[in-house]
Amino acid sequence: MALAACCTLRGAGRFRAQRLLLRSCPPVLSPARALGRAAAAATSSMAPSVQFSPAQRSLFDEPLAVTVQGLCPQQEVTLRLSLKDEGGELFQSSARYKAESSGLLDLTRSPALPGGSFSGLEPMGLLWSLQPQKPFRRLVKRDVQSPFCLELEVFEGHGPLPSRLLARGAHERGFLRDGVRRIPVREGRIRATLFLPPGDSPFPGIIDLYGTGGGLPEYRASLLANHGFATLALAYYGYEDLPRDMKEFHLEYFEEAVNYMLQHSQVKGPGIGLLGISKGGDLCISMASFLKGITATVTINGSVANVGAVLRYKDISIPPLGFDRKRIKIDKSGIADIVDVLNNPLEGDDRQTFIPLENAEGHFLFIVGKDDHNWKSEFFATEASHRLQANGREKPEIICYPGAGHYIEPPFSPMCSASMHLLIGSPVIWGGEPKAHSVAQVDAWQKIQAFFHKYLNGKECVAPKL
C-alpha cells in the first residue's frame, strides 16, 4: 500500500484507515495451560492487526496509543513507522518488541528491545524517533489543513527489514481541531494567518514567530488554537511581497501586527502574548521592549542580543551582534558546529546590540535547551535575567532542559540533529539527545500554555517604559 494513499479524505475530518491483516503463526496447540480457554479461542481465531487509540485520527501534539493483536505468545516482531512530508521526503523509525503471553503487544506497557531506533518503555517512541532517509532534512508541516499520514508495519522477527509482513495500519495526525478557524490575514503590510478556537470568544491572543527559515510556518499556531488561544502566525521575511533577505527589520511592521490583535473583536485584551523561537525569540524581546500591549513573552532558545539584521524603530537603530566564521568547528561527521561563532554582547562595540528589555513591563519565560548548538541560549537567558533584575524588573522564569537541542518544537516532533542553516550556507548541528529532547518538548509545551493562561487573563494593560 502506497504511503500517500493511506488518507482517503482530507480537510473534512472524516476518513477511513486502511489495514492489511495477515496470519502470523500456526494455531496454538495447548493454550489453556497458560491463558485459559477464552484466551486460546481468541488467539487461534485472530489474524494480527494494528489498533490505534484514537482509532483513525489524532492531533499532532496528542498521545497516540498503539497495540498489535493476534500475535503468537511471546512472538518477536519489529514495528516500522513511515511518514512522508509534503515534499515527498520519507521519515522512518523502527523498534523491536516481544508480545505478551496473550499474544497482545501494547506499547504503553511493553518496552522496546535494543536494536531499533530507541529502547525502553516509550509509547510515543516511534514518533519522536522518526529520522529522514536523506540527510539534513527537517520534518516541517507546510499545510496544516491536511494531516500527516502514518503507516505502521509489523514484521516478523528481529532481523533485517523487510522480513515477513504480519500487519499494517494507517493513521492521521492532524493539526486543526474541529471548529478551529484558519483566516489568512492580508491587512496593510501584515502577512499572516490567524487561528481562532471554537467556542465563545474573546480568546487570549498570541503572536507566533519562527526563525531564520523565513516563510509562514503555521503548525505551532494551529496547535495553540486547539488549546484555546487566538494565535497569529506572522511572517516577517521570505514570504509573498515581504523582504526576501534578512538585511534589516522595521519594528513598525510588528507593531502593526500587535495592534491588529489588540483591536480584534475575538481577542481578549488588554494585552497579548508573544512566542518566538531562535531569531523569532529576539524579535519578541524587541517587541516587548518597545511596543505597547505586550503582557507575556516566551522565547525558545532565543537571543537577548539583536542577531542577523539591523533592527529599526522610529529613530532607534540596533545593529546585529558580530560574529567570526573562524570560530566554526567541524565535528567528526564533517558538519559545522556554530555554537561559538557569535561575539559576546557584553563586550566592546557589541554591547549596543543588547536589546533593552529592561524597558519591558510584561512577564518573560525563557525556554532553554542546554545542548543548543545554534548559540549559547542559556547564557542569553541568564544575562536577560541579570539585566531585568538590575533595573528593578521582575525576575523572569527560566526553564533549562538538559539534553535538549535548538529546535524545541511541539510534543512528539522528531528531533532535528542537523540541517541547512540559511545564514551559514551549509548544514549545521543543532544539538540534543533524542530521548531527552522529546521529554523537553512535552514539558515545555505544557509550561508555555500554563504561562500564557496565567498572564493573559489579567486586567491591567502593560506598556514599555521608554
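Strand β24 (residues 418-421) supplies three residues to the lining of the largest pocket, the largest share of that lining. Strands here are DSSP runs of E with at least two residues, helices are runs of H or I with at least four, and both are numbered from the N terminus. The model is a predicted one, so to speak of local features takes pLDDT of at least 70 and side-chain atom pairs count only at pLDDT 80 or more, while totals for chains, interfaces and linings use all residues. Residues are numbered from 1 along each chain as its sequence is written, and side-chain values use heavy atoms, leaving out hydrogens and water.

**Pockets and cavities**

The largest pocket holds about 610 Å³ of space. Its lining has 25 residues, and those closest to its centre are R138, V140, R142, G213 and Y407. For the second largest pocket, 22 residues form the lining, with V307, G308, L342, H421 and L423 closest to the centre.

On a 1 Å grid over the protein atoms alone, a cavity is a set of points where a 1.4 Å probe fits but cannot get out; a pocket is an open set with protein on both sides within 12 Å along at least five of seven lines; lining residues have an atom within 4 Å of a point. Grid points are joined across faces, edges and corners, and a volume is the space filled by probe spheres set on the points.

Nine cavities of 30 Å³ or more are counted by this rule. The largest cavity is lined by 13 residues, and L139, V140, Y219, E409 and S413 are the closest to its centre. Lining the second largest cavity are residues including F52, L64, V66 and M124; α2 (125-128) and β9 (148-156) each give that lining at least two residues.

The table sorts each lining by class: Ala, Val, Leu, Ile, Met, Phe, Trp, Tyr, Cys and Pro are nonpolar, Asp, Glu, Lys and Arg are charged, and the others, Gly among them, are polar.

| Space | Volume | Lining by class |
|---|---|---|
| Largest pocket | about 610 Å³ | 10 nonpolar, eight polar, seven charged residues |
| Second largest pocket | about 390 Å³ | 12 nonpolar, eight polar, two charged residues |
| Largest cavity | about 110 Å³ | nine nonpolar, one polar, three charged residues |
| Second largest cavity | about 80 Å³ | 11 nonpolar, no polar, no charged residues |

Eight strands make an open sheet with mixed pairing, in the order β11-β12-β14-β13-β16-β17-β22-β23; two strands pair if DSSP finds at least two bridges between them. At its edges, β11 (181-185) and β23 (397-401) each pair on one side only. Within this sheet, β13 (residues 203-209) and β16 (residues 267-277) run parallel and are joined by six bridges, and I207 stands opposite L274 in β16.

Helix α7 (residues 434-455) lies across β13, β16, β17, β22 and β23, at about 170 degrees to β17. Such angles run from 0 to 180 degrees between N-to-C directions, with axes fitted to C-alpha atoms, for helices over the stretch in contact; contact means heavy atoms within 4.5 Å.

A second open sheet has three strands in the order β15-β18-β19, again with mixed pairing. Because β15 (248-250) and β19 (316-318) stand at the edges with a single partner strand each, one side of each is left without a neighbour in the sheet. β15 runs parallel to β18 (residues 310-313), joined by three bridges, and F249 has L311 as its bridge partner in β18. Helix α5 (residues 279-290) packs on this sheet, touching β15, β18 and β19, with its direction at about 25 degrees to that of β18. Helix α5 also lies across β13, β16, β17 (294-300) and β22 (363-369), running at about 145 degrees to β16.
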